[in-house]
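Student: I would like a close look at a single part of this model, please.

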Amino acid sequence: MTEGTNRRDFFKKGLFAAGAATAGAAAIGFAHQDENEISAGEKVKLLSQSGEIIEVDKADLKMAAVNTAEALEKITTGREGIPGRKFTMVIDLGKCRNARKCITSCQKMHHLPEDKEWLNVKLIKDNEKAAPYWFPKTCFHCDNPPCVKVCPVNATFKRTDGLVLIDNDRCIGCKFCMAACPYSARVFNWDEPEVPEGMTHEHYSPETSMPAKVGTVEKCDFCPDMLRENKLPDCVTACPNGVFYFGDENEDAVTNGDETVRLSALLSDRAGYRFMEELGTRPRVWYLPPHNRMFPYERGFKDLPEEHVEMYNDYLNSH
Amino acid sequence: MKTRILLIAFLVLSMCGITFAQDEEKGVLLNVVYQRDHSAQVVLTATIVDEEEEEPVSGAVIKFYTLADSLEVLLGAATANEEGVAVLSIQEDKVSKAADGLMEFAVRFEGNDTFGANKETASWKDLEMEINFVEEDEQRNIEVSLMSWDDEGNKIPVPEMDVYLFAPRMFSQLPIGEIWIEEDGKGRVAFPEALPGDDSGNIQVLAKITDSDEYGNYASFKSIDWGIAVSHEAGEIPRSLWSPSAPIWMQVTFIILMSGVWYHFFLVIYKLWRIKDYGKNEEKIIWDIDK
Amino acid sequence: MNIKDTSTSLLKEFAPQMGPWSWKGKTAVVILSAILLWGLYALYIQVFKGHGVTGMRDNVVWGLYIANFVFFIGISYAGAIISGILHLLRVNWRKPILRIAELITVIATIIGPIYILLCVGRLDRLHHLFMYGRIQSPITWDVLAISTYLVGSIIFLYLALIRDFAILSETNEIHIPNWRRKIYKLLSINFRNTPEQVKRLKLTLDVLSAIIIPTAIIVHSVLSWIFGMTLRPGWHSTIFGPYFVLAAIFSGTGVMIIVMYVFRNIYNLKRYLTDQHFRYMGYMLIVLAAGYGYFTFSEYLTDWYTSEKWDAELIDKLFSFEHYGWWFYFANFGGILVPLILIGIPKFRSVKTIVFSSVVLVAALWIKRYLIVVPTLENTLLPMQDLRPEYISYSATWVEWALTAAGVAAFILFFILMSRFVPIVPVWETSEYLEEIKLKTSDEKVLSEKRAREVKQESISVSTS
C-alpha cells in the first residue's frame, strides 16, 4: 500500500510541471484558443519550446492539467503509448564526427556509469574501398521487434506510439532479448548498479527506466518522460552537429532542435534507409547516407584517448 | 600607539579599496526585443550581458517603461534568468501608442554591487496581419496581408516584408512557406501538399514576421481543414509475435499439443489407480500366472 | 518358466550394492559432495554478487551454462529413445539396460534446466513466467516442454519400477531395513501380478512409450529454437530442430554406453550387461554418427558455400586455428569419425573401443554445444568496438566451471544413490529376458539334438543298406 501512495505522491509533484508543459505546447499551436477570443482571466507565463514566452489563461492550464492527470495514470504502467503518435528518428551520417555528446548527455540523463552506453557511435567501413564513417546507433524501436517476440514475461513491450520499452519490475533477466537483438542495443546490469542519491524504487517507471536494477536488461528508451512533456530526447538536443532528427511520423515532421523538416521529403530527397532492412525488423530509426560529409572521419579521433584510437585503427586495418 | 596608527592606516586603505572597486564597476549591455501576437499581448524580452565578456548577468532586475510624450511610464520589472533574459508580458492597452502605431520603450538596469547602471531605448510600429486561405483553379493558397496606419490613423498596406509560415508540430514549428509581401501589402504561397493535420485534418497556420527593424516580431495564426486527417486515438495492438496476445493458430496448436500429452499422462495415472485397486485382495505376488 | 527363482537369484546378486557402503563408495560420495558444495558456494557468490562474477557480458550473454543445459537435455534422450523406441519395437535385449537409460533421462532432465536458471538474472521473479507468460517466447515453450518431459520421464521410470518394488517389498532373500521395505511397499501400489494388473501395466507402458518419443523430439526442437528463432549467424538455421534431436540421441547413447560400462565393472554385471549389448549399442552409434555427420556437413556446407557476410565471419572464426579451429575440428571430425572407424571396422570393434568412442563423442558433443553458443554471440552484426576485453570475447570464470563440475558431480552422485535404492538392472524384466533366452536355447538344444539323432539314424540306415 505505501508503495502505491508514494508513487502517486511523486506523480502529483510532477503533475504541475507536466501540466504546465502540456499547456505550453498547446499555447504554441494556439490550440485551445479561438482566433477572436481574447482571454481576460488570470494569466500564467510559460516558456514555449521555441524559446518564446507565451501567456495562457490559468483556466486553460487547469484543463490541461486534468488531461495530464489521466495521462499520468498511464505513466505509472508506462505500457500505454502517447495517443496518436508514431515516434521516429532520422540520423544524418554525413554530419557525425563522433563528438560523443549524445552518449554523455544520455548517460547523464539516465544516471548511467561511464562504461554503460545505451547509445553507441560505431566506426563503420562497409568494404575495403569504402571510406569509414561514424555511425550513431540508438535502439531502433523496431516495428517487428525480435527482442519483444522472445520475451517470456512481457517485460519488454511495444507501445502504440512505436516505442519499445522495458519494465524492469517484471524482467527476469533471462537475456534472451539481448541474444535476439541483431543490433546489440541492449545492456544488462551485471552487478548492483549505482542508484543516484534520493532515488528509490517508488520512482520507477518504464518511461524513465530509473532506478536501474541488478539482473535486469535496459536500453535506449527515446526518453518517453521527455516526450510526454513535448520535449526532444536528450541525445537530439545534445548533438552539436544536429545529427539526430526526431519527430512524430503521423505529423510528417522531424526536428534536430535547429531545423524542422518534413520526414517524407527528407527521406526521399536524401535517400534515407534503414539499417539492415533485409532483417525485416522494420526499425523506426532511419539513416541518411554519409554523403557530402561535413568532417573527415579522423576528426572523430580528436578527443579520444590513445587506446581508443588504436582500437578504431585496428578495426579499419582489418576491414 | 604604533599599533593604533597601523590600524587607522589599514582602515583607510581598505576604504580606499572599496571606493576603488566601485570605480571599477563593470558595464553592462542591454538589448530589448518586442514581440506581439494578435491576442493583444505584448511581450518584451530584455537581455543583459556584461560588456567585456558578454556573459549573461543573471539576477539583474530590469525595469520596463513605455514612453508617453517623452515621459517614462513604468510597465513593470522582471529579473534576468541564467541566460540574462528578463521577460515582461503586458496587455497592449497599457502601452502608449501614437496615431501611426509607433510604440517607444525603455529598459533600465539600476546597477548593483558588481555592475553599473545602464539604459536602452527602442521603438516599433504596430501592425495588423490577416491570414486567408484561397482556393483558385484547384490550387490551394495561403494569403497574408499586412496593414499599418499613417500619421492620421488611416489604414495603409505594409509593403516589402518577409512573412514566414509554419505549421506547429509536437516538438517544433515546421516551416511550410515564405511569403514576400508586395506593394499592395499582400502576398501568397501554395498550401503544402499532403500535410497531416489533426483528427479532422485541421492545420494551424502560423504566420510570423521576425526581427523587423520597424515592426519587431509579430505572429498570428489561423486554422484550416486542408490537412490529412490523422487519428489521434491510441491505436490497437494486433495479435502478433511481438504483442501480448499470441496469434490464434499458435494458441490452438499450443493447446492441442499440451492437452494431447497431458491427457495421456493422466490416463496413465488413472490406470495406476486401477492397478492399485486390483491388487487389494491379493497377499502375495502370483508367480504362476503363466501356467 | 520360473521368473521367481531367477529374480531371487538376481536379487541376491545385487544385494551387495544395495547393502552397506563400501569404502570406495564412501570416498566417491565424499568427493562428489565436496564438488557439489563447491558449486553451491559458487552459486551463492553468483546470487549475491550478481552475474558480474561470471564471464558473461553484454555481447556474450550466454556461455557455459547454456552449453551445459543443451548437453544435459541432450543426454536425457538415452531414456526416451532406448526405452521408448525399443519398447515399442519389442526389442528384448533392451530389458537389462532399461533402468540405466531411464535413470539417465530423469537425472539429466532434472539437472539440465538448473543451468538455464543459472543464466537468469532475477531468480526471485521466476513466478513471473506463470503470471505473465507469453506463449510466443521459445523460453515459455522450453519451460512447458521440459517440465512435461520431466513428468513423463518420471512416470515412465516409475512404471518400469513397480514390479521391482513389488519384489523388493516381498522378498526375504536379502536383508532390507524395515523403513525401506515400507517405502517399497507403498511404491509397489499393491502390484501382485494379477492378470488385470499385468494387462493395465502393459497398456500404460505402451501408451507412455508412444507419447514420450514425440515429447522428447519436441523438447529438443524447442530447445534448438531458442537459437533458431533469433537473427544471428550460425543460429538462424532451419535444420536446427532435427540437428539438435539427432545430436541429442547421439550423445545420449554415448553417455548410456559409458554408464553401462562403469556399472558393469563396479557392480560386476557382465552376465546381464553383455558384450552383445555393447555391440548393439555400438551399431546404433554408427548409424547416429553417420546421421549426425550428415547434418553437420550440410549445415556448415551451406553457410560456407553462400558465404553471407556474417555467416562467413563466423565460419572463418570456427575454421581458423587462431580462434576455435582445434575445438571445431575435434568436435566435428573426432566426434564423428572416431566412432565410425572404431566401431564400423570389425577388426577394431570391441567393448573397450566402443566405450572409448563414446567418451570421445560425448566430449566432442559438449564442445560442439559450446561452439554453437559462444562464437555466434561473439560475432555481432555491428562491429564490437569496446575497450573492455571481457565484453569482446568470452572466457568462463571459476564460478561457471565450479557449477559445471557440480552438475556432473550431481549427475554421478544421483546415480550412485539411485543405484543403492533400486537395482540398476531391472530384476523382473531381466528375469523374463533370461528365461526367454533359456527357453529359446533349450528349444534349440532339443531341436539340434533331434536333428543330430535323425542324421545319425539316416547314416545308420545308409550304412545298413
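Student: How many Å separate the centres of domain 1 of chain C and domain 2 of chain C, taken over C-alpha atoms?

Tutor: This is a predicted model, in which local features need pLDDT of at least 70 and side-chain atom pairs count only at pLDDT 80 or more, while totals for chains, interfaces and linings use all residues. Residues are numbered from 1 along each chain as its sequence is written, and chains are lettered from A and ligands numbered from 1 in the order in which they are written.

Taken over C-alpha atoms, the centres of domain 1 of chain C and domain 2 of chain C are separated by 23 Å. Domain 1 of chain C comprises 32-229 + 398-436, and domain 2 of chain C comprises 258-381; these bounds come from an automatic or database domain assignment. To the contact between them, domain 1 of chain C contributes 19 residues and domain 2 of chain C contributes 20 residues, where two residues are in contact if their C-beta atoms, placed from the backbone, lie within 7 Å.

On the side of domain 1 of chain C that touches domain 2 of chain C, helix H3 (64-75) and helix H5 (98-118) of chain C each supply at least two residues. Helices (H or I, at least four residues) are DSSP runs, numbered from the N terminus. H3(C) gives the most to this side, with five residues. By class, this side of domain 1 of chain C has 15 nonpolar, four polar and no charged residues. Here Ala, Val, Leu, Ile, Met, Phe, Trp, Tyr, Cys and Pro count as nonpolar, Asp, Glu, Lys and Arg as charged, and the others, Gly among them, as polar.
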